[in-house]
Amino acid sequence: MPRKEHIAGLDIGTTKVCAVVGEVDDEGDIHVAGVGSVPSTGIRKGVVIDIDATTGAIEDAVERAERMSGAEIRGLYVGVSGEHITSTNSRGIVAISRGDHEISAADVERVVDAARMAALPASDREIVHLLPRGFVVDGHDGVRNPVGMYGARLEVETHIVTGTSTVLANLLKCVQRAGVEVEEIVLEPLASAEAVLTSAERELGVVQADIGGGTTSIGVFTGGGLCHSTILPVGGHHLTSDIAVGLRTPVAEAEKLKIRYGAASVADAAEGELVEVFNVGDRAPRVLPRRVLCEIIEPRLQEICSLMRLQIRRSGYAHLVPAGIVLTGGTALLRGIAKYVSEKLELSARVGMPEQLGGLLDAVNSPIYSTGVGLVLYGVRHGSTKMVRTTNGHGILGRVRGWLREVVQGA
Ligand SMILES: Nc1ncnc2c1ncn2[C@@H]1O[C@H](COP(=O)(O)OP(=O)(O)OP(=O)(O)O)[C@@H](O)[C@H]1O
Ligand SMILES: [Mg+2]
């Protein structure tokens, strides 16, 4: 029987912790072999606030995914999220002074190092990703791999993502305590993008927004690469708690109402439609127009849209995203959300979910699993089995990312 390779992703979300096992067959096709998802209680706004609870949830999720797939999970691609994540673009420039002017792998490392040095994070922060957005050789841009080319000056444009060291260390501690190794830490919007964006959208320019329970993560892609990323501390939980407060009903009941009858806009509720609402305490349920529920949801969604709009404008790429916005994460399941976001952001919008996969696709065929599936795809497409230390070599994340390894090894 042909040997199959297994790659696993772990999405540690605010509402659920989810492990996904992918299987790569001889043809290089990726199949979903197993999924384990358990409610998350130790995460707030994308960040670990309870190590024991999170460790327990990871153990459960991994065990379920192992049972379903029949594979043993040794290492995981782990998603990272939270407001502590910041990103910046940095340019590096070096001269190729040797006589033949032929650019070598060492020159590429040197120029990337120069970009990193130009954006060196504060001592309490770690670099999570150092992504190249393209090389420039003697003023000619759009070079994907400069190794072997002739040139006197080499430049690189990079996107650098950093996170707070202690927050990242807590995340790693939970995974390690659950008895699994961390292959690599991957920014959540970068992972989700692997599962939901087409390469045409990335090339053309697109915004990806993952609206989960406690966070909304935004990634802007142009020319194929990530050029802006940010994580906002708002999500579906806020819609639910607004409903709970507004209708004086328990949170669990508010969540059910949102999922069953909620909609993005008041205009989506037909005149005369009624919903039954249970009260806090044991009093008999009330009957309210569905419109009242949507009147609570819409303003909060509008606020999330305003924050997204501001971020896209601040990124400086607002005019460079003709492919519009792709929504994913659990809140993308809200009725009418694509239309609403499209109107508010004046961009075309669609809901994206994991696609182009075989295997147990039904088990992950929801925007809720975009990050988990995306982590597997990231691992297969860019992941590392062989780690190389960066020259700064510091700390828990001192690893050269897949792309650099590809450039260097391809030389
Ligand atoms: N049909 C639905 N309509 C509206 N909202 C929904 C629906 N289904 C799920 N949700 C919401 O999606 C959210 C969970 O999404 P998701 O699983 O993507 O979050 P998460 O990854 O755990 O959190 P985060 O990414 O913010 O850390 C919850 O707030 C839930 O109420
Ligand atoms: Mg999420």
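Colleague: Across which strands does helix α3 lie, and at about what angle does the helix run to β10?

Modeller: Helix α3, residues 165-177, lies across β8 and β10, and its direction is at about 70° to that of β10. Please keep in mind that this is a predicted model. Another helix, α2 (residues 105-118), lies across β7, β8 (125-137) and β10, running at about 135° to β7.

Colleague: How should I read the sheet to which these strands belong, and in which order do its strands stand?

Modeller: The general idea is that strands of a sheet pair through backbone hydrogen bonds, either parallel or antiparallel. In the present case the sheet is open and has four strands in the order β7-β10-β8-β9, with antiparallel pairing. The edges are taken by β7 (86-95) and β9 (140-143), each of which has a single partner strand, so one side of each is left without a neighbour in the sheet. From one strand to the next, the twist averages 35°. If you wish to follow one pairing residue by residue, β7 and β10 (residues 153-164) are joined in the antiparallel sense over ten bridges, and the partner of Thr-88 in β10 is Ile-160.

Colleague: What is the strand order in the open sheet of five strands, and which strands stand at its edges?

Modeller: There the order is β14-β13-β12-β17-β18, and the pairing is mixed. Because β14 (225-232) and β18 (349-351) each have a single partner strand, one side of each lacks a neighbour in the sheet, and these two are the edges. The twist in this sheet averages 20° from one strand to the next. Strands β12 (residues 206-211) and β13 (residues 216-222) pair in the antiparallel sense over six bridges, with Asp-210 bridged to Ser-217 of β13. Helix α8 (residues 290-315) lies across β12, β13 and β14, running at about 145° to β14.

Colleague: Which residues come nearest to ligand 1, and how much of its area does the protein bury?

Modeller: Of the 20 residues around ligand 1, the nearest are Thr-14, Thr-15, Thr-215, Glu-255 and Lys-258. Taken alone, ligand 1 exposes 660 Å², of which the protein buries 93%.

Colleague: Where is the pLDDT below 50?

Modeller: The chain averages a pLDDT of 90, and 91% of the residues score at least 70, but over residues 385-411 the value is below 50, although this stretch has 59 contacts in the model beyond near neighbours in sequence.

Note on methods:
Residues are numbered from 1 along each chain as its sequence is written. Chains are lettered from A and ligands numbered from 1 in the order in which they are written. This is a predicted model: local features need pLDDT of at least 70, side-chain atom pairs count only at pLDDT 80 or more; totals for chains, interfaces and linings use all residues. Side-chain values use heavy atoms; hydrogens and water are left out. pLDDT is the predictor's confidence in each residue, from 0 to 100. Contact means heavy atoms within 4.5 Å. Two strands pair if DSSP finds at least two bridges between them. Axes are lines fitted to C-alpha atoms, for helices over the stretch in contact, and angles run from 0 to 180 degrees between N-to-C directions. A residue is near a molecule or strand if one of its heavy atoms lies within 4 Å of it. Accessible areas come from the Shrake-Rupley method with a 1.4 Å probe; for residues, only the protein chains shown count as cover.
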